[in-house]
Amino acid sequence: MSPSGGTPRRRNPARRTVLALAGASLASVPLAGARSLPAASAGVPQTGLDDPARKEIAMQLVSSAENSSLDWQAQYGYIEDIGDGRGYTAGIIGFCSGTGDLLGLVERYTDGAPGNLLARYLPALRAVDGSDSHDGLDPRFPGDWRTAARDHLFRQAQNDERDRGYFDPAVAQGRDDGLRALGQFAYYDAFVMHGGGSGATGFGSIRERALGRARPPAAGGDETAYLHAFLDARVRAMKQEEAHRDTSRIETAQRVFLREGNLDLEPPLEWMVYGDGYRIG
């Protein structure tokens, strides 16, 4: 039921306002008042979002919201300035030249492939970090990015940087909170859009707001009630930025799975984002 044909449409600029690296340490912060329980006794199955099949589902779910397509692997060469004040947005989760994660990605790529086509832009990427400037990048950077995306080393660098900065810390925090695959995905999607930091709309603030309303399973709370609180807090954060005001990736996707009681993200899955319907399984 995904849109057929044409170029995937990036209609919702999902960007983090701070580097996700800032949130990597968040996963190690103990929950206030939480019991110290291993994941299994907190009700978390051994098969979490990092199971290969579940991870593939997570990538498709994010891509449906980010690119209006389930084909997330077609996005390695994606690049454009979507006018959100963060410079170029590019790659499989929307690395940005203005937020530092695109710079980190090109540095990782260059470590593994010195002299690659994008290495020449490292000084410019360092200079534009924190701004929407294209200085030193135009006019050839977008074309060189698309060319580099044909290199398996660059595609692997994108995978690795996604996991290091976003997927792994989100899943780790989800496990610490006693959440199953759906809850871990809710955390990951929040990391992708808002970053892992504790700014006003960062993942840390969203989670803290949810903790103020409900206890997660690791603290003896009800998983469904906690996830509704987390999604409520996420919607509130999204509505603080004009580019994120369409909350269908929550209300007609994640909230649908939650209301169905599908805490393990078991396919088949059916959802809608921006009015488009999708199905897995």
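Helix 6 passes helix 9 in a left-handed crossing, where left-handed means that the near helix is turned anticlockwise from the far one by less than a right angle. The contact involves Leu182, Phe185, Ala186, Asp189 and Met193 of helix 6 together with Arg249, Gln254, Phe257 and Leu258 of helix 9; contact means heavy atoms within 4.5 Å. By class, these residues comprise 6 nonpolar, 1 polar and 2 charged, with Ala, Val, Leu, Ile, Met, Phe, Trp, Tyr, Cys and Pro taken as nonpolar, Asp, Glu, Lys and Arg as charged, and the others, Gly among them, as polar. The axes of helix 6 (residues 181-194) and helix 9 (residues 248-259) lie 10 Å apart at an angle of about 160°. Axes are lines fitted to C-alpha atoms, for helices over the stretch in contact, and angles run from 0 to 180 degrees between N-to-C directions. Helix 6 and helix 9 are therefore roughly antiparallel (under 35 degrees is roughly parallel, over 145 roughly antiparallel, 65 to 115 roughly perpendicular and the rest oblique).

The model is predicted, with local features requiring pLDDT of at least 70 and side-chain atom pairs pLDDT 80 or more, while totals for chains, interfaces and linings use all residues. Residues are numbered from 1 along each chain as its sequence is written, and side-chain values use heavy atoms, with hydrogens and water left out.

The protein chain has 9 helices and 5 strands, assigned as DSSP runs (helices H or I, at least four residues; strands E, at least two) and numbered from the N terminus. Of the 281 residues in the protein chain, 57% are buried (under 20% relative accessible area, with a 1.4 Å probe and protein chains only). Among contacts between residues at least 6 apart in sequence, 66% join residues at least 24 apart.

The largest nonpolar core contains 75 residues, and those with the most contacts inside it are Phe141, Trp145, Tyr188, Phe230 and Trp271. Such a core is a set of buried Ala, Val, Leu, Ile, Met, Phe, Trp, Tyr and Cys residues joined through side-chain atoms within 4.5 Å. Helix 6 supplies the largest share of this core, 10 residues.

Trp145 and Phe141 also take part in the packing of helix 4 (residues 141-148). Helix 2 (residues 101-112) packs against helix 4 at an angle of about 50°, with the axes 14 Å apart. Helix 2 is therefore oblique to helix 4. Leu102, Leu105, Val106 and Tyr109 of helix 2 meet Phe141, Trp145 and Ala148 of helix 4, a contact of 7 nonpolar, no polar and no charged residues. Beyond four places in sequence, Trp145 touches residues including Tyr76, Ala90, Leu118, Phe154 and Gln158.

The axes of helix 1 (residues 52-67) and helix 5 (residues 152-176) come within 14 Å and cross at roughly 90°, and the two helices are therefore roughly perpendicular. Lys55, Ala58 and Met59 of helix 1 meet Arg162, Asp163 and Phe167 of helix 5, giving 3 nonpolar, no polar and 3 charged residues.

Most residues other than glycine have a negative phi, and most peptide bonds are trans. Ser68, in the loop between helix 1 and strand 1 (79-81), has a positive phi of about 55° and is buried, with a relative accessible area of 4%. Tyr274 likewise has a positive phi, near 55°; its relative accessible area is 14%. The peptide bond from Asp138 to Pro139 is cis, with omega near 5°, and a cis bond also joins Pro267 and Pro268, with omega about 5°.

Terms used
Buried means under 20% relative accessible area, exposed over 50%, partly exposed in between (1.4 Å probe, protein chains only).
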